[in-house]
Structures are given as structure tokens and as C-alpha cells.
Amino acid sequence: MIASKKLVIPGIPALAAAFAAALLLASPFAHAAEELLVLKLSAKDGKFEPLTLEAPAGKRFKIEISNDGKGPMEFESKDLKQEKVLAAGAKSSVVINALKPGTYVFFDEYHQDAPKGKIVVK
Amino acid sequence: MGNALFIIWRESAEAMLVVGILYAWLKKQPDMKRGMRYLWAGVGAGIGLALALAAVMLGIAKTLSDEGLEYFQLAMMLIASGLIVQMVFWMRRHGRTFKRDLEANMQSNAEAANWWGLLVVVALAVGRESAETVVFLYGLGSQYTSTWNFLQVLALGIGAAWLTFWALQQGSRYFSWRTFFRVSEILLLLLAGALLVSAVEKLIALDVLPALVDPLWDTSAMLDDTSRGGGLLAAFTGYRARPALMPLLVFSAYWLAVLTVLRRFSK
């Protein structure tokens, strides 16, 4: 008895469809333009300025990250489920969904020995 | 310098795991040459993908917006995860029936499609993490005042990555075929699970999926996933010190499904 070779790649069309769906979801009408609180964060070769950010609970907000260092950095936070690579001199932003009160840690994955930053949400 | 080395090794280790296991497995197959061509083609495609992604990340290429890049990375994670699982099951079935099929002249289009699947999974494994390595190295180059120092770090990094590959091949020779592939399967399935967790978390960050309860618990006192070791475990197994409920549900469902199908396969 020869096992059916229909295991070919059934996953690929399904995953391609998922990908297409994801791209569709990325379309602009996902979120209407809204006024978002902006927090500014500077990363300089592992040094965050400020080290502690404050944000209000229950509101979406944006963190504008500026890589003021000489090399690339990666803004990463397991708590916020965010990961973003920034080249030297680059500026980018991450939008954080409404958070419960608490402390959320972030760090620079390319300078892991540097002090970690935190976002205090009240 | 230790940090730079660790990062280079870690990013390449995922690719080395996939490529290394496939390489060891292919060497044992009668249709080796054909498979190897697809493997190396996959590596080449992966390097191309890594360079393209690095260009986008560095702002050199403006083909993708910020959000577009996020969705592209999400798609890569999901596809890689699915293909790795498929690869594990394909290696299982293939290993047992391939010789018989070959003799019974069962070569078909199905085989070609499976080889292409192999190419894609390798390209994704190499491309995904290597993109970050390229960006990292690009920046590293400008930080080192002496080209010689930079080349030393690069050489050590490549050496460390090669060590992973070599260790895997040695493992395939030292341990019995059965043991080696059992362990390889577990490592690959863990990796696919980790990718799935990351993908779900990205979907939560993009506001597509709800987190449900976040966090469910906090084991960062035991093993902090922002540390080097913890981060490594997180990347290769999906461990999270403060997991949200949604990723945990998906992770559990994943393992339930995988273990069920694995049980059906082993006689």
C-alpha cells in the first residue's frame, strides 16, 4: 500500500490566501485618522532617553523612536509585542494599543547589555 | 564585541538549523543530487531576500511602507511556520516510502512541488533572520574604526554560524539516524511553534486579534525573556515570561494538532 502523495503542498495555497487576506486587512480603512498621544524616545547606541516613559491607561498611543546612534538598533518589547529595526539616524514609530496600568519593559536588542527602558502606564 | 558575536550567531542559528537538518537528511536520500540543488538554490534565494529586506529596513528601498513591512514579516513568519511543519511530516513519509516509490516509478509532479516547497522553506529560514543580521553588520561596519576589527568580528560570526552547521552534521554521524531525526523533528517543530507565537503576537500588535488576557502570568523571575538566554529560548521555542492568552491558546492548539498527527504517523 503506497501512501497517497496528496500531502504535496496543500498548505501553500491556503497560506497564500491568508497572506492575501492579511494584505487586504492592511488597507487604510482599518483605523480612521485619530489624534494619538505621541511619546518621543531617543536611542543612542543603547542609551535610551528618557529611560522611563509615562502613558495613560486605556488609550492607544504612539512612540516615535529616533535612532541617534552611530549604528542600527532594534526597539523590542516582549510585553508590547513590538519589534522594530532602525538604521543609524532613522526615525520610526510604533503604535501601542490601549494598555492596562502597569510597567512594560522595552530594550535595544542590538545593545542588550544596556539598561532596559520601561513604560509606566497609569 | 561579545554582544555582536552573540547576535550574529543567534540570528544565523535558526537558518542553520533548517539548512543543516535538511542537508543531513538529503545526504541519506537516493535522490540526493536533485534535492541538494533545490537546497542551495533556496540558500541563494534566502540571501537575496535578506539583502532586499535589509535594504527596505535601512530605508534604502522604499518599496514597502512601515505597515507594509510589518505585514510582509507577518506573512513570512506564518508561511515559514506552516512549511516547517509540512517539512517535518514530509521527511517522515518520504524517508520510509521514497525508495519503494522510486523503484515503482512513482516520480510525479508531486515530487517537483515538494522540492519547491523545500526551496521556499530554506529561503524563508535564511532570509528572515539574515535580514536583521545584514542591517546589524551594516551598522557595525560604520562603528568599527578599523576595517580589520570589523572583519575579525564578521569572520568570527560566520565561524560561529558554521560551527552550528558542523555540529549538526557531526550529530547526524555520531547518533543513530533515528535519534538524530527524532531530535531534529522536535527542534524544528519547536521552531515552527515559536514562529507561530510571534506571528500571533504581531497580529495582536496590529490590532487584528485580541490579546484576551494579558499577561496571564509572569515567570520573568525564573527566566526573563529579555535576557540573552531567555531571548534565545523565546526565539526557538516560543517561551514567553508574560504570555497573553491568545498566543497561549494558539500555541496549545498547535501542539495538540502536531502531536495528534505525529501519533497517527508512528506505527
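## Helix α6 of chain B

The expected span of a helix is 1.5 Å times one less than its number of residues. This model is predicted. In it, helix α6 of chain B covers residues 177-205, which makes 29 residues, so at 1.5 Å a residue α6(B) should span 42 Å. The C-alpha atoms at its ends are 42 Å apart, in agreement with that expectation.

After α6(B) comes D207(B), a residue with a positive phi, near 70°.

## Helices α1 and α5 of chain B

Helix α1 (residues 2-27) and helix α5 (residues 147-174) belong to chain B, and their axes come within 8 Å of each other. The two axes cross at roughly 30°, and the crossing of α1(B) and α5(B) is right-handed.

On the α1(B) side, the residues making the contact include L5(B), I8(B), W9(B) and M16(B). On the α5(B) side, V153(B), L156(B), F165(B) and L168(B) are among them. Sorted by class, the contact of α1(B) with α5(B) holds 15 nonpolar and six polar residues, and no charged ones.

## The sheet of chain A

Strands of a sheet pair through backbone hydrogen bonds, either parallel or antiparallel. Chain A has an open sheet of four strands in the order β2-β1-β4-β7, and the pairing is mixed. Its edge strands are β2 (47-49) and β7 (91-96), each pairing on one side only. From one strand to the next, the twist averages 25°.

Strand β1 of chain A (residues 37-44) runs antiparallel to β2(A), and three bridges join the two. Within β2(A), F48(A) is the bridge partner of A43(A).

Key. Residues numbered from 1 in each chain as written. Chains lettered and ligands numbered in written order. Predicted model: local features only at pLDDT ≥ 70, side-chain atom pairs only at ≥ 80, totals over all residues. Pairing = 2+ DSSP bridges. Axes fitted to C-alpha atoms, helices over the stretch in contact; angles between N-to-C directions. Left-handed = near helix turned anticlockwise from the far one by under 90°. Contact = placed C-beta atoms within 7 Å. Nonpolar A, V, L, I, M, F, W, Y, C, P; charged D, E, K, R; others polar.
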